[in-house]
Amino acid sequence: MLTSLWQGKTLPVLTVCAIITVFWYLGSIWLNADMQRMLFENNGNPSYSTAELIEGTLSQEKPKLPTPLQILAELNKTVLETAPTSKRSLVYHGSVTLSATLLGFLIGSSLGMALAIVVVHSKSLDRSLMPWVVASQTIPIIALAPMIVVIMNQFEVTGLLPKAVIAAYLSFFPVTVGMVKGLRSPDPLQLDLMRTYSANQIQTFLKLRVPASMPFLFASLKVAVAASLVGTVVAELTKSEDGGFGARLLGGSYYGQTIQIWAALFAAAACAWVLVSLVGVVDRVVTRSMGARP
Amino acid sequence: MATPVIDASHLSLTFETNDGPVHALSDVSLDIQKGEFVSLIGPSGCGKTTLLRVIADLEQPSEGAISVNGMSPHKARLKRAYGYVFQAPALYPWRTIGKNIALPLEIMGYSKAEREERVRKGLDLVKLTGFEKKFPWQLSGGMQQRASIARALSFDPDLLLMDEPFGALDEIVRDKLNEQLLRLWEKTQKTVVFVTHSIPEAVFLSTKIVVMSPRPGKIHDVITCDFPRDRTLDIRETPEFINVANRVRQGLREGHSYVD
(Lines give C-alpha, C1' and ligand atoms only; values in the text may rest on other atoms or scores of the structure.)
Protein backbone atom coordinates (compact mmCIF):
# COMPACT_ATOMS: atom_id res chain seq x y z
CA MET A 1 0.00 0.00 0.00
CA LEU A 2 2.66 2.45 1.09
CA THR A 3 5.03 1.45 -1.70
CA SER A 4 2.28 1.84 -4.28
CA LEU A 5 1.68 5.31 -2.88
CA TRP A 6 5.35 6.15 -3.32
CA GLN A 7 5.48 4.75 -6.83
CA GLY A 8 2.28 6.45 -7.86
CA LYS A 9 1.68 10.17 -8.06
CA THR A 10 -0.40 10.41 -4.89
CA LEU A 11 2.30 10.81 -2.31
CA PRO A 12 4.50 13.25 -4.24
CA VAL A 13 1.45 15.40 -4.98
CA LEU A 14 0.35 15.31 -1.35
CA THR A 15 3.84 16.21 -0.19
CA VAL A 16 3.95 19.24 -2.47
CA CYS A 17 0.44 20.16 -1.28
CA ALA A 18 1.56 20.01 2.34
CA ILE A 19 4.61 22.19 1.64
CA ILE A 20 2.50 24.74 -0.21
CA THR A 21 -0.03 24.78 2.62
CA VAL A 22 2.66 25.48 5.20
CA PHE A 23 4.09 28.36 3.18
CA TRP A 24 0.57 29.60 2.47
CA TYR A 25 -0.21 29.88 6.16
CA LEU A 26 3.10 31.63 6.80
CA GLY A 27 2.24 34.00 3.96
CA SER A 28 -1.23 34.65 5.36
CA ILE A 29 0.18 35.49 8.76
CA TRP A 30 2.85 37.74 7.30
CA LEU A 31 0.61 39.57 4.82
CA ASN A 32 -2.36 39.99 7.15
CA ALA A 33 -0.37 40.95 10.28
CA ASP A 34 -0.26 44.70 9.59
CA MET A 35 -4.01 44.87 9.16
CA GLN A 36 -4.53 42.76 12.27
CA ARG A 37 -2.30 45.03 14.41
CA MET A 38 -4.32 48.00 13.17
CA LEU A 39 -7.56 46.26 14.03
CA PHE A 40 -6.38 45.50 17.55
CA GLU A 41 -5.22 49.07 18.10
CA ASN A 42 -8.43 50.59 16.74
CA ASN A 43 -10.42 48.37 19.06
CA GLY A 44 -8.43 49.71 22.03
CA ASN A 45 -6.59 46.47 22.59
CA PRO A 46 -2.88 47.32 22.14
CA SER A 47 -1.64 44.59 24.49
CA TYR A 48 -2.37 41.54 22.32
CA SER A 49 -0.24 38.43 22.48
CA THR A 50 1.52 36.88 19.47
CA ALA A 51 -0.91 33.96 19.58
CA GLU A 52 -3.83 36.36 19.44
CA LEU A 53 -2.21 38.19 16.53
CA ILE A 54 -1.68 34.98 14.57
CA GLU A 55 -5.18 33.76 15.32
CA GLY A 56 -6.51 37.12 14.14
CA THR A 57 -4.57 37.04 10.86
CA LEU A 58 -6.12 33.67 10.01
CA SER A 59 -9.73 34.70 10.46
CA GLN A 60 -10.09 38.14 8.91
CA GLU A 61 -13.15 38.97 6.88
CA LYS A 62 -11.26 40.61 4.01
CA PRO A 63 -7.71 39.33 4.36
CA LYS A 64 -4.99 40.22 1.88
CA LEU A 65 -4.27 36.51 1.62
CA PRO A 66 -7.03 34.26 2.90
CA THR A 67 -6.02 30.91 4.36
CA PRO A 68 -6.74 27.67 2.52
CA LEU A 69 -9.25 26.82 5.23
CA GLN A 70 -11.14 30.05 4.66
CA ILE A 71 -11.22 29.37 0.93
CA LEU A 72 -12.43 25.81 1.49
CA ALA A 73 -15.14 27.11 3.83
CA GLU A 74 -16.21 29.61 1.16
CA LEU A 75 -16.20 26.84 -1.45
CA ASN A 76 -18.23 24.62 0.83
CA LYS A 77 -20.74 27.43 1.35
CA THR A 78 -21.06 28.48 -2.29
CA VAL A 79 -20.84 25.06 -3.89
CA LEU A 80 -22.58 22.71 -1.50
CA GLU A 81 -24.74 24.82 0.75
CA THR A 82 -26.18 27.27 -1.75
CA ALA A 83 -28.89 26.21 -4.18
CA PRO A 84 -27.33 25.78 -7.65
CA THR A 85 -29.91 28.15 -9.13
CA SER A 86 -28.88 31.01 -6.84
CA LYS A 87 -26.61 33.73 -8.20
CA ARG A 88 -24.50 33.23 -5.09
CA SER A 89 -23.80 29.62 -6.03
CA LEU A 90 -20.48 28.78 -7.63
CA VAL A 91 -22.20 25.83 -9.30
CA TYR A 92 -24.39 28.36 -11.13
CA HIS A 93 -21.40 30.48 -12.14
CA GLY A 94 -19.44 27.37 -13.03
CA SER A 95 -22.16 26.17 -15.37
CA VAL A 96 -22.23 29.58 -17.05
CA THR A 97 -18.47 29.49 -17.56
CA LEU A 98 -18.38 25.85 -18.63
CA SER A 99 -21.08 26.24 -21.26
CA ALA A 100 -19.22 29.12 -22.91
CA THR A 101 -15.93 27.25 -22.49
CA LEU A 102 -17.21 24.12 -24.17
CA LEU A 103 -18.87 25.99 -27.02
CA GLY A 104 -15.69 28.03 -27.48
CA PHE A 105 -13.56 24.90 -27.38
CA LEU A 106 -15.79 23.30 -29.99
CA ILE A 107 -15.61 26.31 -32.29
CA GLY A 108 -11.91 26.87 -31.65
CA SER A 109 -10.76 23.32 -32.15
CA SER A 110 -12.89 22.84 -35.27
CA LEU A 111 -11.52 26.06 -36.69
CA GLY A 112 -8.02 25.03 -35.67
CA MET A 113 -8.30 21.67 -37.39
CA ALA A 114 -9.84 23.19 -40.52
CA LEU A 115 -7.06 25.76 -40.72
CA ALA A 116 -4.43 23.06 -40.27
CA ILE A 117 -5.89 20.93 -43.05
CA VAL A 118 -5.98 23.90 -45.39
CA VAL A 119 -2.48 25.05 -44.49
CA VAL A 120 -0.96 21.59 -44.93
CA HIS A 121 -2.43 21.19 -48.41
CA SER A 122 -1.64 24.60 -49.81
CA LYS A 123 1.81 26.13 -49.82
CA SER A 124 0.51 29.59 -50.59
CA LEU A 125 -2.04 29.47 -47.77
CA ASP A 126 0.69 28.18 -45.49
CA ARG A 127 2.77 31.22 -46.31
CA SER A 128 -0.08 33.72 -46.21
CA LEU A 129 -2.14 32.41 -43.27
CA MET A 130 0.34 31.08 -40.76
CA PRO A 131 1.96 34.46 -39.95
CA TRP A 132 -1.52 35.83 -39.18
CA VAL A 133 -2.35 32.86 -37.05
CA VAL A 134 0.77 33.49 -35.00
CA ALA A 135 0.21 37.25 -34.95
CA SER A 136 -3.34 36.74 -33.68
CA GLN A 137 -1.92 35.41 -30.43
CA THR A 138 0.36 38.38 -29.82
CA ILE A 139 -2.64 40.62 -29.14
CA PRO A 140 -3.57 40.50 -25.46
CA ILE A 141 -6.99 38.88 -25.27
CA ILE A 142 -7.96 41.22 -22.45
CA ALA A 143 -7.71 44.13 -24.91
CA LEU A 144 -9.59 42.33 -27.64
CA ALA A 145 -12.41 40.87 -25.56
CA PRO A 146 -14.45 44.09 -25.02
CA MET A 147 -14.28 44.91 -28.72
CA ILE A 148 -15.51 41.47 -29.73
CA VAL A 149 -18.41 41.84 -27.30
CA VAL A 150 -19.26 45.34 -28.54
CA ILE A 151 -19.03 44.45 -32.21
CA MET A 152 -21.05 41.28 -31.84
CA ASN A 153 -23.60 43.20 -29.80
CA GLN A 154 -23.92 45.54 -32.78
CA PHE A 155 -25.13 42.56 -34.80
CA GLU A 156 -27.41 41.60 -31.95
CA VAL A 157 -25.36 38.55 -31.13
CA THR A 158 -25.46 38.33 -27.37
CA GLY A 159 -25.45 35.74 -24.64
CA LEU A 160 -23.20 32.72 -24.89
CA LEU A 161 -21.77 33.27 -28.35
CA PRO A 162 -19.57 36.37 -27.83
CA LYS A 163 -17.88 34.70 -24.87
CA ALA A 164 -17.47 31.47 -26.79
CA VAL A 165 -15.89 33.41 -29.66
CA ILE A 166 -13.35 34.91 -27.28
CA ALA A 167 -12.64 31.45 -25.88
CA ALA A 168 -12.31 30.10 -29.42
CA TYR A 169 -9.87 32.89 -30.25
CA LEU A 170 -7.49 31.50 -27.65
CA SER A 171 -8.13 27.82 -28.25
CA PHE A 172 -7.85 27.54 -32.04
CA PHE A 173 -4.17 28.46 -32.01
CA PRO A 174 -2.64 25.45 -30.22
CA VAL A 175 -4.87 23.16 -32.28
CA THR A 176 -3.75 24.70 -35.57
CA VAL A 177 -0.08 24.56 -34.64
CA GLY A 178 -0.27 21.05 -33.20
CA MET A 179 -2.36 19.67 -36.03
CA VAL A 180 -0.15 21.20 -38.73
CA LYS A 181 2.83 19.56 -37.11
CA GLY A 182 0.91 16.30 -36.76
CA LEU A 183 -0.33 16.24 -40.35
CA ARG A 184 3.24 16.83 -41.50
CA SER A 185 4.70 14.22 -39.18
CA PRO A 186 4.65 11.21 -41.58
CA ASP A 187 8.23 10.49 -42.64
CA PRO A 188 9.29 10.31 -46.31
CA LEU A 189 9.21 6.52 -46.19
CA GLN A 190 5.58 6.43 -45.08
CA LEU A 191 4.71 8.94 -47.81
CA ASP A 192 6.68 7.02 -50.46
CA LEU A 193 4.73 3.93 -49.51
CA MET A 194 1.50 5.73 -50.37
CA ARG A 195 3.00 6.80 -53.69
CA THR A 196 3.91 3.23 -54.58
CA TYR A 197 0.22 2.37 -54.20
CA SER A 198 -0.55 5.47 -56.29
CA ALA A 199 -2.88 6.58 -53.54
CA ASN A 200 -4.64 9.88 -54.16
CA GLN A 201 -4.36 12.91 -51.91
CA ILE A 202 -7.54 12.16 -49.99
CA GLN A 203 -6.46 8.58 -49.30
CA THR A 204 -3.04 9.73 -48.15
CA PHE A 205 -4.73 12.29 -45.94
CA LEU A 206 -7.23 9.90 -44.36
CA LYS A 207 -5.07 6.81 -44.05
CA LEU A 208 -1.73 8.39 -43.23
CA ARG A 209 -1.77 12.05 -42.23
CA VAL A 210 -4.83 12.00 -39.99
CA PRO A 211 -3.88 8.94 -37.93
CA ALA A 212 -0.28 10.18 -37.68
CA SER A 213 -1.51 13.52 -36.36
CA MET A 214 -3.58 12.11 -33.49
CA PRO A 215 -0.97 12.28 -30.70
CA PHE A 216 -0.21 15.88 -31.71
CA LEU A 217 -3.89 16.73 -31.88
CA PHE A 218 -4.64 15.48 -28.39
CA ALA A 219 -1.63 17.23 -26.88
CA SER A 220 -2.87 20.50 -28.35
CA LEU A 221 -6.50 19.85 -27.43
CA LYS A 222 -5.42 19.66 -23.80
CA VAL A 223 -3.80 23.06 -24.08
CA ALA A 224 -6.78 24.38 -26.04
CA VAL A 225 -9.44 23.35 -23.55
CA ALA A 226 -7.56 25.09 -20.72
CA ALA A 227 -7.03 28.16 -22.91
CA SER A 228 -10.71 28.14 -23.73
CA LEU A 229 -11.56 28.38 -20.04
CA VAL A 230 -9.11 31.24 -19.60
CA GLY A 231 -10.67 32.99 -22.59
CA THR A 232 -14.16 32.57 -21.16
CA VAL A 233 -13.13 33.96 -17.78
CA VAL A 234 -11.56 36.97 -19.51
CA ALA A 235 -14.74 37.41 -21.55
CA GLU A 236 -16.78 37.34 -18.36
CA LEU A 237 -14.77 40.22 -16.97
CA THR A 238 -16.18 42.25 -19.86
CA LYS A 239 -19.57 40.64 -19.99
CA SER A 240 -20.12 40.17 -16.29
CA GLU A 241 -23.90 40.59 -16.29
CA ASP A 242 -24.38 36.91 -17.23
CA GLY A 243 -22.32 35.65 -14.30
CA GLY A 244 -19.57 33.08 -14.49
CA PHE A 245 -16.24 32.75 -12.70
CA GLY A 246 -15.00 35.94 -14.35
CA ALA A 247 -17.97 37.87 -13.00
CA ARG A 248 -17.28 36.39 -9.56
CA LEU A 249 -13.66 37.54 -9.76
CA LEU A 250 -14.75 41.00 -10.84
CA GLY A 251 -17.43 41.27 -8.16
CA GLY A 252 -14.97 40.09 -5.54
CA SER A 253 -12.42 42.70 -6.48
CA TYR A 254 -15.06 45.49 -6.47
CA TYR A 255 -15.95 44.78 -2.87
CA GLY A 256 -12.56 43.57 -1.63
CA GLN A 257 -13.97 40.08 -1.13
CA THR A 258 -10.65 38.31 -1.42
CA ILE A 259 -12.03 35.03 -0.13
CA GLN A 260 -14.64 35.08 -2.90
CA ILE A 261 -11.95 35.77 -5.50
CA TRP A 262 -9.78 32.92 -4.30
CA ALA A 263 -12.74 30.56 -4.15
CA ALA A 264 -13.67 31.44 -7.73
CA LEU A 265 -10.04 30.94 -8.77
CA PHE A 266 -9.91 27.53 -7.14
CA ALA A 267 -13.20 26.52 -8.71
CA ALA A 268 -12.00 27.67 -12.14
CA ALA A 269 -8.75 25.75 -11.70
CA ALA A 270 -10.68 22.64 -10.67
CA CYS A 271 -12.91 22.96 -13.76
CA ALA A 272 -9.85 23.34 -16.00
CA TRP A 273 -8.31 20.27 -14.38
CA VAL A 274 -11.46 18.24 -15.00
CA LEU A 275 -11.63 19.40 -18.63
CA VAL A 276 -7.97 18.60 -19.31
CA SER A 277 -8.40 15.21 -17.63
CA LEU A 278 -11.44 14.46 -19.77
CA VAL A 279 -9.48 15.21 -22.92
CA GLY A 280 -6.73 13.02 -21.48
CA VAL A 281 -9.16 10.13 -21.04
CA VAL A 282 -10.39 10.43 -24.64
CA ASP A 283 -6.74 10.67 -25.72
CA ARG A 284 -5.90 7.44 -23.94
CA VAL A 285 -8.90 5.59 -25.31
CA VAL A 286 -8.21 6.71 -28.88
CA THR A 287 -4.44 6.15 -28.86
CA ARG A 288 -4.86 2.73 -27.22
CA SER A 289 -7.19 1.69 -29.97
CA MET A 290 -4.51 2.94 -32.37
CA GLY A 291 -1.91 0.63 -30.95
CA ALA A 292 -0.09 2.91 -28.51
CA ARG A 293 2.00 1.01 -26.02
CA PRO A 294 0.24 0.84 -22.69
CA MET B 1 12.17 -12.76 -76.68
CA ALA B 2 9.27 -11.33 -74.68
CA THR B 3 9.28 -7.68 -73.67
CA PRO B 4 11.54 -7.28 -70.68
CA VAL B 5 9.85 -6.33 -67.40
CA ILE B 6 12.35 -3.54 -67.02
CA ASP B 7 14.22 -2.00 -69.89
CA ALA B 8 16.53 0.89 -69.03
CA SER B 9 18.82 2.49 -71.56
CA HIS B 10 21.39 5.19 -70.91
CA LEU B 11 19.75 6.37 -67.72
CA SER B 12 21.33 9.31 -65.94
CA LEU B 13 20.12 11.10 -62.87
CA THR B 14 21.71 14.16 -61.33
CA PHE B 15 20.60 15.60 -58.01
CA GLU B 16 21.15 19.32 -57.62
CA THR B 17 22.37 19.88 -54.08
CA ASN B 18 23.84 22.86 -52.26
CA ASP B 19 27.28 21.33 -52.71
CA GLY B 20 26.80 21.14 -56.47
CA PRO B 21 25.38 18.40 -58.68
CA VAL B 22 25.57 14.78 -57.54
CA HIS B 23 25.62 12.22 -60.34
CA ALA B 24 23.61 9.45 -58.78
CA LEU B 25 23.28 7.52 -62.02
CA SER B 26 25.34 7.78 -65.14
CA ASP B 27 24.60 5.97 -68.41
CA VAL B 28 22.92 2.97 -66.84
CA SER B 29 21.53 0.38 -69.23
CA LEU B 30 19.89 -2.75 -67.96
CA ASP B 31 17.14 -5.13 -68.90
CA ILE B 32 15.38 -7.53 -66.61
CA GLN B 33 13.29 -10.41 -67.90
CA LYS B 34 10.18 -11.85 -66.37
CA GLY B 35 10.86 -14.19 -63.47
CA GLU B 36 14.43 -13.04 -62.91
CA PHE B 37 15.83 -12.31 -59.49
CA VAL B 38 18.22 -9.41 -60.01
CA SER B 39 20.41 -8.01 -57.27
CA LEU B 40 21.89 -4.54 -57.45
CA ILE B 41 25.02 -4.52 -55.35
CA GLY B 42 27.56 -1.81 -54.67
CA PRO B 43 28.96 0.45 -52.01
CA SER B 44 26.84 3.27 -50.66
CA GLY B 45 26.49 6.13 -53.11
CA CYS B 46 26.59 3.87 -56.17
CA GLY B 47 23.03 4.67 -57.10
CA LYS B 48 21.53 1.24 -56.51
CA THR B 49 18.66 2.60 -54.44
CA THR B 50 18.23 5.49 -56.86
CA LEU B 51 17.92 3.05 -59.75
CA LEU B 52 15.26 1.14 -57.82
CA ARG B 53 13.43 4.39 -57.09
CA VAL B 54 13.55 5.34 -60.77
CA ILE B 55 11.97 2.00 -61.66
CA ALA B 56 9.31 2.73 -59.02
CA ASP B 57 8.71 6.27 -60.36
CA LEU B 58 9.79 7.74 -57.03
CA GLU B 59 12.61 9.59 -58.85
CA GLN B 60 12.69 10.96 -62.38
CA PRO B 61 15.75 10.27 -64.54
CA SER B 62 17.45 13.34 -65.98
CA GLU B 63 18.33 11.53 -69.18
CA GLY B 64 17.72 8.22 -70.88
CA ALA B 65 14.69 6.02 -71.25
CA ILE B 66 13.16 3.38 -69.05
CA SER B 67 10.10 1.21 -69.39
CA VAL B 68 8.40 -1.00 -66.87
CA ASN B 69 6.16 -3.69 -68.35
CA GLY B 70 6.52 -1.87 -71.65
CA MET B 71 5.19 1.44 -70.32
CA SER B 72 6.61 4.45 -68.53
CA PRO B 73 7.33 3.96 -64.82
CA HIS B 74 4.68 6.57 -64.09
CA LYS B 75 2.00 4.62 -65.93
CA ALA B 76 3.25 1.41 -64.36
CA ARG B 77 2.96 2.96 -60.91
CA LEU B 78 -0.57 4.14 -61.63
CA LYS B 79 -1.37 0.59 -62.77
CA ARG B 80 0.12 -0.68 -59.50
CA ALA B 81 2.59 -2.85 -61.34
CA TYR B 82 5.00 -3.36 -58.46
CA GLY B 83 5.24 -3.92 -54.75
CA TYR B 84 7.97 -2.03 -52.95
CA VAL B 85 9.75 -3.18 -49.81
CA PHE B 86 11.76 -0.46 -48.11
CA GLN B 87 14.87 -0.66 -45.96
CA ALA B 88 12.69 -0.18 -42.87
CA PRO B 89 9.43 -2.10 -42.55
CA ALA B 90 7.51 1.23 -42.66
CA LEU B 91 4.48 -0.39 -41.07
CA TYR B 92 1.99 2.18 -39.88
CA PRO B 93 2.17 1.94 -36.09
CA TRP B 94 -1.54 2.65 -35.60
CA ARG B 95 -2.56 -0.33 -37.72
CA THR B 96 -2.44 -3.95 -36.69
CA ILE B 97 -0.33 -6.30 -38.80
CA GLY B 98 -3.45 -7.49 -40.59
CA LYS B 99 -4.60 -3.93 -41.25
CA ASN B 100 -1.12 -2.99 -42.48
CA ILE B 101 -1.18 -5.80 -45.00
CA ALA B 102 -4.67 -4.68 -46.02
CA LEU B 103 -3.58 -1.05 -46.53
CA PRO B 104 -2.79 -1.28 -50.26
CA LEU B 105 -5.95 -3.35 -50.73
CA GLU B 106 -8.06 -0.65 -49.07
CA ILE B 107 -6.48 1.99 -51.27
CA MET B 108 -7.02 -0.08 -54.38
CA GLY B 109 -10.65 -0.64 -53.50
CA TYR B 110 -10.78 -4.36 -52.82
CA SER B 111 -13.95 -5.61 -51.12
CA LYS B 112 -13.85 -6.44 -47.43
CA ALA B 113 -14.16 -10.18 -48.05
CA GLU B 114 -11.40 -10.07 -50.65
CA ARG B 115 -9.18 -8.09 -48.27
CA GLU B 116 -9.66 -10.59 -45.47
CA GLU B 117 -8.89 -13.49 -47.78
CA ARG B 118 -5.73 -11.85 -49.11
CA VAL B 119 -4.53 -10.83 -45.65
CA ARG B 120 -4.96 -14.41 -44.49
CA LYS B 121 -2.99 -15.69 -47.49
CA GLY B 122 -0.32 -13.04 -47.01
CA LEU B 123 0.15 -13.87 -43.35
CA ASP B 124 0.43 -17.52 -44.28
CA LEU B 125 2.96 -16.75 -47.02
CA VAL B 126 5.36 -15.00 -44.64
CA LYS B 127 4.55 -17.35 -41.74
CA LEU B 128 2.89 -14.75 -39.55
CA THR B 129 -0.44 -16.49 -39.10
CA GLY B 130 -1.78 -15.63 -35.65
CA PHE B 131 -0.17 -12.20 -35.55
CA GLU B 132 -2.92 -10.47 -37.48
CA LYS B 133 -4.24 -8.55 -34.48
CA LYS B 134 -0.83 -7.56 -33.10
CA PHE B 135 0.54 -4.07 -33.50
CA PRO B 136 3.95 -3.61 -35.18
CA TRP B 137 5.79 -2.81 -31.95
CA GLN B 138 4.78 -6.19 -30.58
CA LEU B 139 6.77 -7.95 -33.33
CA SER B 140 10.52 -8.41 -33.79
CA GLY B 141 12.34 -6.55 -36.57
CA GLY B 142 12.46 -9.64 -38.75
CA MET B 143 8.75 -10.29 -38.32
CA GLN B 144 7.98 -6.65 -39.12
CA GLN B 145 9.97 -6.88 -42.35
CA ARG B 146 8.14 -10.10 -43.24
CA ALA B 147 4.86 -8.30 -42.68
CA SER B 148 6.02 -5.54 -45.00
CA ILE B 149 6.82 -8.15 -47.66
CA ALA B 150 3.34 -9.59 -47.25
CA ARG B 151 1.97 -6.07 -47.64
CA ALA B 152 3.93 -5.55 -50.87
CA LEU B 153 2.66 -8.87 -52.23
CA SER B 154 -0.93 -8.50 -51.03
CA PHE B 155 -2.22 -7.06 -54.29
CA ASP B 156 -0.27 -9.62 -56.27
CA PRO B 157 2.02 -7.42 -58.36
CA ASP B 158 4.25 -9.25 -60.84
CA LEU B 159 7.24 -7.16 -59.88
CA LEU B 160 8.75 -6.92 -56.43
CA LEU B 161 11.21 -4.11 -55.72
CA MET B 162 13.22 -4.58 -52.55
CA ASP B 163 15.56 -1.98 -51.15
CA GLU B 164 17.96 -3.62 -48.69
CA PRO B 165 15.02 -5.19 -46.91
CA PHE B 166 17.17 -7.21 -44.54
CA GLY B 167 19.95 -4.66 -44.06
CA ALA B 168 18.98 -3.81 -40.50
CA LEU B 169 18.63 -7.41 -39.34
CA ASP B 170 21.21 -9.66 -37.76
CA GLU B 171 22.87 -12.33 -39.86
CA ILE B 172 20.97 -15.30 -38.44
CA VAL B 173 17.59 -13.73 -39.13
CA ARG B 174 18.82 -12.52 -42.49
CA ASP B 175 19.88 -16.03 -43.59
CA LYS B 176 16.52 -17.38 -42.60
CA LEU B 177 14.62 -14.63 -44.41
CA ASN B 178 16.81 -15.06 -47.49
CA GLU B 179 15.84 -18.70 -47.67
CA GLN B 180 12.18 -17.86 -47.13
CA LEU B 181 12.36 -15.18 -49.81
CA LEU B 182 13.79 -17.69 -52.29
CA ARG B 183 11.00 -20.16 -51.55
CA LEU B 184 8.51 -17.34 -51.98
CA TRP B 185 10.03 -16.31 -55.29
CA GLU B 186 9.97 -19.93 -56.47
CA LYS B 187 6.35 -20.27 -55.48
CA THR B 188 5.05 -16.96 -56.85
CA GLN B 189 7.23 -16.64 -59.97
CA LYS B 190 7.61 -12.92 -59.41
CA THR B 191 10.28 -10.78 -60.95
CA VAL B 192 12.42 -9.40 -58.14
CA VAL B 193 14.83 -6.47 -58.12
CA PHE B 194 16.79 -6.59 -54.92
CA VAL B 195 19.18 -3.94 -53.60
CA THR B 196 21.84 -5.13 -51.20
CA HIS B 197 25.39 -4.50 -50.10
CA SER B 198 25.97 -8.04 -48.94
CA ILE B 199 27.86 -10.24 -51.38
CA PRO B 200 26.70 -13.62 -50.00
CA GLU B 201 23.12 -12.39 -49.98
CA ALA B 202 23.32 -11.25 -53.59
CA VAL B 203 24.97 -14.46 -54.81
CA PHE B 204 22.65 -16.68 -52.85
CA LEU B 205 19.45 -15.04 -54.05
CA SER B 206 20.05 -13.90 -57.58
CA THR B 207 19.84 -15.13 -61.13
CA LYS B 208 21.68 -11.98 -62.14
CA ILE B 209 23.95 -9.72 -60.12
CA VAL B 210 24.47 -6.14 -61.19
CA VAL B 211 27.66 -4.75 -59.68
CA MET B 212 27.57 -0.97 -59.43
CA SER B 213 30.28 1.55 -58.69
CA PRO B 214 29.93 4.98 -57.15
CA ARG B 215 30.54 8.60 -58.20
CA PRO B 216 29.05 8.64 -60.71
CA GLY B 217 26.77 5.66 -60.12
CA LYS B 218 27.17 3.25 -63.01
CA ILE B 219 27.00 -0.43 -63.80
CA HIS B 220 30.42 -2.03 -63.54
CA ASP B 221 29.62 -5.67 -64.24
CA VAL B 222 26.65 -7.95 -64.76
CA ILE B 223 27.17 -11.49 -63.51
CA THR B 224 24.82 -14.35 -64.31
CA CYS B 225 24.35 -16.75 -61.50
CA ASP B 226 22.58 -19.90 -62.55
CA PHE B 227 22.27 -22.02 -59.45
CA PRO B 228 19.08 -24.08 -59.35
CA ARG B 229 16.01 -22.21 -58.11
CA ASP B 230 15.55 -24.56 -55.19
CA ARG B 231 18.99 -23.75 -53.81
CA THR B 232 19.50 -23.86 -50.04
CA LEU B 233 21.96 -22.09 -47.78
CA ASP B 234 24.34 -25.05 -48.15
CA ILE B 235 25.38 -23.95 -51.63
CA ARG B 236 27.35 -21.15 -50.03
CA GLU B 237 30.04 -23.72 -49.26
CA THR B 238 30.38 -24.90 -52.88
CA PRO B 239 33.30 -23.77 -55.08
CA GLU B 240 30.86 -22.43 -57.71
CA PHE B 241 29.27 -20.15 -55.16
CA ILE B 242 32.66 -18.94 -53.95
CA ASN B 243 33.73 -18.32 -57.53
CA VAL B 244 30.76 -16.08 -58.24
CA ALA B 245 31.20 -14.33 -54.90
CA ASN B 246 34.84 -13.65 -55.75
CA ARG B 247 33.89 -12.19 -59.09
CA VAL B 248 31.42 -9.89 -57.39
CA ARG B 249 34.01 -8.90 -54.82
CA GLN B 250 36.55 -8.21 -57.52
CA GLY B 251 34.02 -6.12 -59.41
CA LEU B 252 33.31 -4.08 -56.31
CA ARG B 253 37.04 -3.51 -55.77
CA GLU B 254 37.65 -2.41 -59.35
CA GLY B 255 34.64 -0.14 -59.09
CA HIS B 256 36.22 1.54 -56.14
CA SER B 257 39.75 1.81 -57.53
CA TYR B 258 39.17 4.39 -60.23
CA VAL B 259 37.38 6.68 -57.82
CA ASP B 260 40.23 7.31 -55.43
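**Entry 1: chain B as a whole**

I began by counting secondary structure, and I find that chain B has 8 helices and 9 strands. I then looked up its radius of gyration, which is 18 Å, close to the 18 Å that the globule rule gives for 260 residues, so chain B is as compact as a globular protein of that length. I note here that the model is a predicted one, and I keep that in mind for the entries below.

For the overall dimensions, I find that the C-alpha trace of chain B spans about 55 × 40 × 40 Å along its principal axes. Of the 260 residues in chain B, 47% are buried.

I next looked up the domain assignment, which gives chain B a domain 1 made of 6-81 + 160-257 and a domain 2 made of 92-156. The C-alpha centres of these two domains of chain B lie 25 Å apart. Where they touch, I count 9 residues from domain 1 of chain B and 10 residues from domain 2 of chain B.

Which helix gives the most to the domain 1 side of this contact? I find that it is helix α6 of chain B, residues 171-188, with 3 residues. Sorting that side of domain 1 by class, I get 8 nonpolar residues, no polar residues and 1 charged residue.

**Entry 2: helix α4**

I then turned to helix α4 of chain B, residues 112-125, and checked its length: at 1.5 Å a residue, its 14 residues should span 20 Å, and because its end C-alpha atoms are 20 Å apart, the two values agree.

Which residues of α4(B) are buried? I list Arg115(B), Arg118(B), Val119(B), Gly122(B), Leu123(B) and Leu125(B). Looking down the axis of α4(B), I see that these buried residues fall within an arc of 155°, and therefore they line one face of the helix. On the other side of α4(B), Ala113(B) and Asp124(B) are exposed.

I also asked what the buried residues of α4(B) pack against, and I find α3 (97-107), α5 (141-153) and α6 of chain B.

Last, I looked at what follows α4(B), and I find Lys127(B), whose phi is positive, near 60°.

Technical notes: Residues are numbered from 1 along each chain as its sequence is written. Chains are lettered from A and ligands numbered from 1 in the order in which they are written. This is a predicted model: local features need pLDDT of at least 70, side-chain atom pairs count only at pLDDT 80 or more; totals for chains, interfaces and linings use all residues. Domain bounds come from an automatic or database domain assignment. Two residues are in contact if their C-beta atoms, placed from the backbone, lie within 7 Å. Helices (H or I, at least four residues) and strands (E, at least two) are DSSP runs, numbered from the N terminus. Ala, Val, Leu, Ile, Met, Phe, Trp, Tyr, Cys and Pro count as nonpolar, Asp, Glu, Lys and Arg as charged, and the others, Gly among them, as polar. The expected span of a helix is 1.5 Å times one less than its number of residues. A residue is buried if 20 or more other C-beta atoms lie within 10 Å of its own, exposed if 12 or fewer, and partly exposed in between; C-beta atoms are placed from the backbone. The arc is that of the directions from the helix axis to the C-beta atoms. The radius of gyration is taken over C-alpha atoms; the globule rule is 2.2 Å times the number of residues to the power 0.38.
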